[in-house]
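Let us walk through this structure step by step. Keep the sequence and the 3D view side by side.

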Amino acid sequence: ALSAIEIPPGPGPWKPIETRLRTYVDDPADAFAFAGRALTHTDWMPDNILISHGRAWLVDWAWATPGAGWTDPAFWLLRLMARGHTAAEAEAYAARLPAYAAADPAHIDTFARANVRMWNEIEQNNKSPWAKTMAHTARTWARHRQATP
């Protein structure tokens, strides 16, 4: 449902995903593979999803970003992996979502490489266990996709 919500064109209070991730790709133009008008949450840490009455509620929209609809499931599958799912299992869950299932695999590979670079940078600047876990998870996913930087 989230990937079907489109942000109207024009300026807004957010950075488009291609701007947010351009420093983590080989060529900044590669980040346009992530571009789109879908409303994306991008911050799928467990505390940002509340389950009540059989429904998920997303909170903490500080990183709301216009992007391709498949990017949120891709961010989300990293969190599934960090909680013990294999890359194949997490991708199978993400593939249940039409936006992810329809995504160009080469774009997902680029996204996986960008996440390795992003999480490696976060891990270097933040020695918390969660940062180490997410950096390891991003590297594992990229290896699974054979998309290592």
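How many aromatic pairs does the structure hold? The structure holds 6 aromatic pairs. Note that this is a predicted model.

Start with the rings. Two rings are described by how far apart their centres lie and by the angle between their planes. Phe34 and Phe111 form an edge-to-face pair. Their centres are 5.4 Å apart, with 85 degrees between the planes. Phe34 lies in the loop between α1 and β1, and Phe111 in helix α5, so this pair ties together parts that are 77 residues apart in sequence.

Phe111 has another partner, Trp70. This pair is edge-to-face too, at 5.4 Å centre to centre and 75 degrees between the planes. Trp70 sits in the loop between β4 (65-67) and α2, while Phe111 is in helix α5. The two are 41 residues apart. Trp70 has a relative accessible area of 7%, under the 20% cut-off, so Trp70 is buried. Step back, and ring pairs link Phe34, Trp70, Phe75, Phe111 and Trp141 into a cluster.

Now widen the view to the core. The largest nonpolar core has 37 residues. Those with the most contacts inside this core are Leu21, Phe34, Trp70, Tyr100, Phe111 and Trp141. Helices α2, α3 (87-94), α5 and α6 each supply at least two of its residues. Which helix gives the most to this core? Helix α5 does, with 7 residues.

At the start of α5, a side-chain oxygen of Asp104 reaches to within 2.8 Å of the backbone nitrogen of Ala106. Buried residues of α5 include Ile108, Asp109, Phe111, Ala112, Asn115 and Trp119. An α-helix has 3.6 residues a turn, so residues three or four places apart point the same way. What do the buried residues of α5 pack against? They pack against α1 (17-20), α2 (71-82), α4 (98-101) and α6.

Trp141 is in contact with Ile108, Phe111 and Ala112, among others, once neighbours within four places in sequence are left aside. The contacts of Trp141 also include Leu77, Leu78, Met81, Glu91 and Tyr100. At 5% relative accessibility, Thr137 counts as buried. Beyond its neighbours within four places in sequence, Thr137 is in contact with Leu78, Met81 and Ala82.

Charged side chains come next. How many salt bridges are there? The count comes to 4. One joins Arg145 and Glu91 at 2.6 Å, N to O. Arg145 is in helix α6 and Glu91 in helix α3, 54 residues apart. Both ends are buried: Arg145 has a relative accessible area of 18%, and Glu91 has 13%. Arg145 also meets Asp109 in a salt bridge, at 2.7 Å, N to O. Arg145 lies in helix α6 and Asp109 in helix α5, so this pair ties together parts that are 36 residues apart in sequence.

Another salt bridge pairs Glu123 with Arg139, at 3.3 Å, N to O. Glu123 is in helix α5 and Arg139 in helix α6, 16 residues apart. Arg139 has 26% relative accessibility and counts as partly exposed.

Finish in the loops. Thr42 lies between β1 (38-40) and β2 (49-52). Its phi is near 70 degrees, a positive value in a residue other than glycine. At 9% relative accessibility, Thr42 counts as buried. His53 lies in the loop between β2 and β3 (55-58). Phi of His53 is near 55 degrees, again positive in a residue other than glycine. Is His53 buried or exposed? At 83% relative accessibility, His53 counts as exposed.

Note on methods. Residues numbered from 1 in each chain as written. Predicted model: local features only at pLDDT ≥ 70, side-chain atom pairs only at ≥ 80, totals over all residues. Heavy atoms only, no water. Buried < 20%, exposed > 50% of the residue type's maximum accessible area, 1.4 Å probe, protein only. Contact = heavy atoms within 4.5 Å. Helix = DSSP H or I, 4+ residues; strand = E, 2+ residues; numbered from the N terminus. Polar contact = N/O pair within 3.5 Å; in protein donor to acceptor, adjacent residues only side chain to side chain. Core = buried A, V, L, I, M, F, W, Y, C linked by side-chain atoms within 4.5 Å. Phe/Tyr/Trp six-rings, centres within 6.5 Å; stacked < 30°, edge-to-face > 60°.
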